[in-house]
Amino acid sequence: MLKKHPLSVTINLKCKDGSLLFLTFYYLMNLNVLTVKAKMTAATEMTVPISAGDLLCPDSLLSCLYPGDHGKRTPNPANQFQFDKVGILTLNDYVPELGHPYVWVQKLGGLHFPKDQPQNPVVADNSLSASHMERTMKLLKTRLESRLALHKQFASLEHGILPVSPESQHLFPAKIMSHLVKWMSLTYEDYMELPYTKDVVESGLAEDTHLYYLALIERGTAKLQASVVLNPGYSSIPPVFSLCLNWKGEKTSMNDDNIRAMESEVNVCYKELCGPKPGYQLLTNQLQRLCVVLDLYLETETHDNSVEGPKEFPQEKMCLRLARGPSRLKPFKYNYSQGFFSHR
């Protein structure tokens with residue numbers, strides 16, 4: 001039933017830095033579907049950050065190259081009848097051995113399966129293959145380059161270093177007191193259990209095909225947790241941050257409008273942080289922006305005069321107004337050409 005054709009086809013995609021992506025395509029004769037297995041070879045020897053475990057994993061590397069195409073189910077509707085006859089529940093159980101039957105793989109092979117009605121036999125169409133080849137190859141190269149860039153950045157993040165490129169330095173003030181102290185990967189289940197990620201989960205922005213991370217940013221006694229959802233399509237699709245500040249209590253977007261505004265600075269205004277094209281610096285620039293807005297949040301808090309001694313976070317940032325409106329929103333927008341903060 002799951003027999004492969006004795007011939008397979010391998011395509012080698014080479015990036016500018018010399019890294020190679022090997023794609024081997026197989027044809028399952030009885031199921032009339034194509035599958036692919038991937039292998040990546042880096043141009044130089046790479047140290048493997050603990051948090052980067054899934055970045056270059058073959059299952060993750062090709063997942064959702066096109067939206068929703070996770071390669072866990074057969075694209076051929078007629079296969080379910082064949083599976084029922086021999087007691088196979090799902091093709092996903094055999095993916096490690098056979099490869100992933102992505103929809104884009106079928107199209108590269110000229111196969112198209114109607115979703116509603118099984119149609120036998122489905123014949124390969126050369127024009128379908130030709131129309132998808134160029135775009136798919138570009139997406140594959142972009143995906144590999146993006147993951148390699150993230151892999152290098154994660155090695156720095158795990159050591160508490162935010163690798164901001166020279167082209168992006170002007171986006172941030174020269175003096176930033178808050179700093180990254182921890183960067184680690186999360187499981188999908190762990191992310192779902194965090195109370196302050198509820199809005200992201202309910203919005204459908206967190207799926208089991210995505211990658212999840214936790215950043216801890218500190219300044220003095222203040223600790224900011226940032227949970228990150230990394231879509232497989234990064235950096236075309238930006239990461240989504242959820243924040244929880246532990247300082248004088250626990251503050252999240254559900255009980256503090258300024259925390260919601262801080263989330264907006266990285267989730268909504270992300271285009272300001274993309275850096276030079278193709279935007280692979282977006283994640284680290286978002287983390288640096290979080291350090292900046294945490295500084296501003298702490299420095300613009302009113303000082304409790306009943307407490308003796310100097311203010312823990314003296315104001316060092318120049319602001320036009322410290323607060324605005326009934327929500328007392330803080331001026332989180334950094335005007336880098338003039339060097340001051342203002343409201344949006």
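Visitor: Which side chains meet in a salt bridge?

Guide: A pair counts when a side-chain nitrogen of Lys or Arg lies within 4 Å of a carboxyl oxygen of Asp or Glu. In this predicted model, Lys 72 and Asp 208 form such a pair, with 3.7 Å from N to O. Between domain 1 and domain 2 the count is 1 salt bridge.

Visitor: How is the size of an interface often given?

Guide: It is often expressed as the accessible area that is lost when the parts come together. Here domain 1 and domain 2 bury about 960 Å² between them, and 53% of it is on carbon and sulfur atoms. In terms of contacts, 13 residues of domain 1 meet 13 residues of domain 2.

Visitor: Let us turn to single residues. Is Thr 35 buried or exposed?

Guide: The cut-off for buried is under 20% relative accessible area. Thr 35 has 0% relative accessibility and therefore counts as buried. This residue is part of strand E3 (residues 33-41).

Visitor: What lies 2.7 Å from a polar atom of the side chain of Thr 35?

Guide: The backbone oxygen of Leu 98 is found at that distance. Leaving aside residues up to four places away in sequence, Thr 35 also touches others, among them Phe 25, Tyr 26, Gly 99 and His 100.

Visitor: Why does His 100 count as buried?

Guide: The relative accessible area of His 100 is 10%, so this residue is classed as buried, the limit being under 20%. His 100 sits in the loop between helix H3 (95-98) and helix H4 (103-108).

Visitor: Which backbone oxygen lies 3.1 Å from a polar atom of the side chain of His 100?

Guide: It belongs to Gly 71. With residues up to four places away in sequence again not counted, the residues that His 100 touches include Thr 35, Asp 59, His 70, Gly 71 and Val 105. Val 105 is also among the residues touched by Thr 35.

Definitions and conventions. Residues are numbered from 1 along each chain as its sequence is written. This is a predicted model: local features need pLDDT of at least 70, side-chain atom pairs count only at pLDDT 80 or more; totals for chains, interfaces and linings use all residues. Side-chain values use heavy atoms; hydrogens and water are left out. Contact means heavy atoms within 4.5 Å. Buried area is the accessible area (1.4 Å probe) that two parts lose on being put together, summed over both. Helices (H or I, at least four residues) and strands (E, at least two) are DSSP runs, numbered from the N terminus. Buried means under 20% relative accessible area, exposed over 50%, partly exposed in between (1.4 Å probe, protein chains only). A polar contact is a pair of N or O atoms within 3.5 Å; within protein, one must be able to donate a hydrogen and the other to accept it, and residues adjacent in sequence count only if both atoms are side-chain atoms.
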